Each structure stands twice: as C-alpha cells, then as structure tokens.
Amino acid sequence: GRSINVRILDETGALALLEENLERLPLRHFQTLYEPAFDLTHILRAIFRCKDEMITPEAYLAEAEAALMTASGEAREVAEKALEVAQVYAVYEDALRKADAVDFGDLVMLSARLLETHPDVAAETQARFEHLLVDEYQDVNLASARLLHALAKPGADVWVVADQRQSIYRFRGAEPSNVTRFPAEFSGARRSLQYAGQVFRWAVAR
C-alpha cells in the first residue's frame with residue numbers, strides 16, 4: 001500500500017503527522033488544550049506497541065469495545081481510554097497511507113504481513129537466503145519473530161544467539177520467552193553451545 005518513494009517516520013515525524021490531523025482525532029480523555037502533543041505522545045507509543053504485537057486498529061477497536069460493554073467504575077474509564085486510542089490508531093493509519101509513509105513498527109509488521117499473505121512474494125524472498133542468523137534473540141518482539149518465520153523457507157538454517165538475562169527492549173515488546181519457544185517453533189532445533197556458564201544459545205533448525 002505504499003509507493004517506491006515511501007517515507008519512513010521516526011517518533012517525531014509520526015507525532016507531527018498526528019498533529020496535522022488533530023481535528024480528526026476523537027480526543028476526550030487524552031486532550032490537553034495547552035499542549036496537545038503531550039498526550040498524543042502517550043497514544044503514539046501505545047500504537048507502536050500494538051504494531052510490535054501485530055495488532056491492527058480493527059482488532060484493537062474490537063477488544064476495546066468488548067471491554068467497554070462489561071466495564072464499570074474505574075475499569076470503564078480504562079476501557080474508554082483504550083477505545084480512544086483505538087480510534088486515534090485508525091486515523092493515524094489512514095494518515096500514514098495518505099502521506100505515503102510508514103513508521104519504524106511498520107517496517108517489521110508490514111513486511112511480516114506481506115510475506116504471510118502473499119505466497120509468491122514469500123517464495124521469491126525465501127529463495128535468496130539459505131542461512132538466517134539472529135543475534136540478541138532475547139530482544140525480539142512478536143512482529144520480529146513472525147518476520148523470521150516468514151523468511152525461513154523449509155530446509156533453511158536458522159541460528160539464534162540469546163541471553164535471556166540481558167533483555168533490554170521489553171519497552172518495545174521484546175519477549176525473552178521467544179528463546180525457550182524456539183525449539184518448538186523450528187523443527188529439529190538444538191542447543192549447540194553454552195558459553196562460560198551463561199545462557200548464550202546457538203540453536204539451529206534444519
């Protein structure tokens with residue numbers, strides 16, 4: 001859904017895009033009149049986390065609406081805020097498409113989705129690689145793990161190196177549990193090195 005001239009926005013650029021579409025945003029709980037960008041930053045980071053988890057605006061909206069139907073008291077306000085984030089997320093995605101732009105989360109999420117939904121593109125891309133190496137696998141989030149699966153053709157060697165104790169990207173959805181799930185997700189995986197009592201793992205799937 002983007003052209004060859006697609007722009008890649010960092011957080012500052014993404015925030016500017018939201019501000020350009022401020023009149024379209026259904027803000028109530030996240031409305032700071034003296035400084036609109038203050039609350040927009042919090043919403044934007046929630047959207048980034050959704051992309052790390054491959055959650056679409058439609059899926060987020062459905063969950064927020066379901067929560068709102070049964071919520072009361074403080075939980076209702078939480079659900080209303082989630083609904084507001086979902087609505088802003090939808091506007092933001094529309095604005096990205098119209099601006100022919102993506103953010104950092106899109107670089108992984110859209111790539112994974114493209115390969116998962118277009119077998120011809122997946123086959124062409126997989127044919128380029130016989131070996132895949134991922135360092136710092138403990139800092140891989142769900143979207144990145146899905147992208148690795150989509151890139152790995154049957155028979156490809158997939159190596160990951162990880163130390164679960166050194167996960168530093170949890171704020172971006174890093175899941176150290178990806179390390180323990182690796183043998184189940186990649187048939188034939190094995191640990192081939194444990195270094196100096198640490199949990200550095202070289203796992204290979206053939």
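**Loops, a helix pair and a strand crossover**

Let's start with Asp-100, which sits in the loop between α4 (74-98) and β2 (101-103). Its phi is positive, about 50°, even though Asp-100 is not a glycine. Keep in mind that this is a predicted model.

- Most residues other than glycine have a negative phi.
- You'll find Met-54 in the loop that links α2 (36-52) to α3 (57-70).
- Is Met-54 buried or exposed? Its relative accessibility is 12%, under the 20% cut-off, so Met-54 counts as buried.

- Leu-25 belongs to the loop between α1 (11-20) and α2.
- With a relative accessible area of 8%, Leu-25 falls under the 20% limit and is therefore buried.
- Which residues does Leu-25 touch, once its neighbours within four places in sequence are set aside? They are Leu-18, Leu-40, Val-88 and Val-91.
- Take Leu-40 from that list: Leu-25 and Leu-40 are 15 residues apart in sequence, and their C-alpha atoms are 9.9 Å apart in space.

**Where α5 meets α6**

- Helix α5 covers residues 104-117 and helix α6 covers 119-126; their axes come within 5 Å and cross at roughly 105°.
- That angle lies between 65 and 115 degrees, so α5 is roughly perpendicular to α6.
- On the α5 side, the contact involves Leu-114, Leu-115 and Thr-117.
- Facing them from α6 are Pro-119, Val-121, Ala-122 and Thr-125.
- What kinds of residue make up this contact? Sorted by class, there are five nonpolar and two polar residues, and no charged ones.

- Strand β3 (residues 131-134) pairs with strand β4 (residues 157-160) in the parallel sense, over four bridges.
- To get from β3 to β4, the chain passes through helix α7 (residues 142-151), and this β-α-β crossover is right-handed.
- To find the pairing on screen, look for His-131, which stands opposite Asp-157 in β4.
- In a regular strand, side chains alternate between the two faces of the sheet.

Notes:
Residues are numbered from 1 along each chain as its sequence is written. This is a predicted model: local features need pLDDT of at least 70, side-chain atom pairs count only at pLDDT 80 or more; totals for chains, interfaces and linings use all residues. Side-chain values use heavy atoms; hydrogens and water are left out. Helices (H or I, at least four residues) and strands (E, at least two) are DSSP runs, numbered from the N terminus. Buried means under 20% relative accessible area, exposed over 50%, partly exposed in between (1.4 Å probe, protein chains only). Two strands pair if DSSP finds at least two bridges between them. A crossover is right-handed if, with the strands pointing away from the viewer, the path from the first strand over the helix to the second runs clockwise. Axes are lines fitted to C-alpha atoms, for helices over the stretch in contact, and angles run from 0 to 180 degrees between N-to-C directions. Angles under 35 degrees count as roughly parallel, over 145 as roughly antiparallel, 65 to 115 as roughly perpendicular and the rest as oblique. Contact means heavy atoms within 4.5 Å. Ala, Val, Leu, Ile, Met, Phe, Trp, Tyr, Cys and Pro count as nonpolar, Asp, Glu, Lys and Arg as charged, and the others, Gly among them, as polar.
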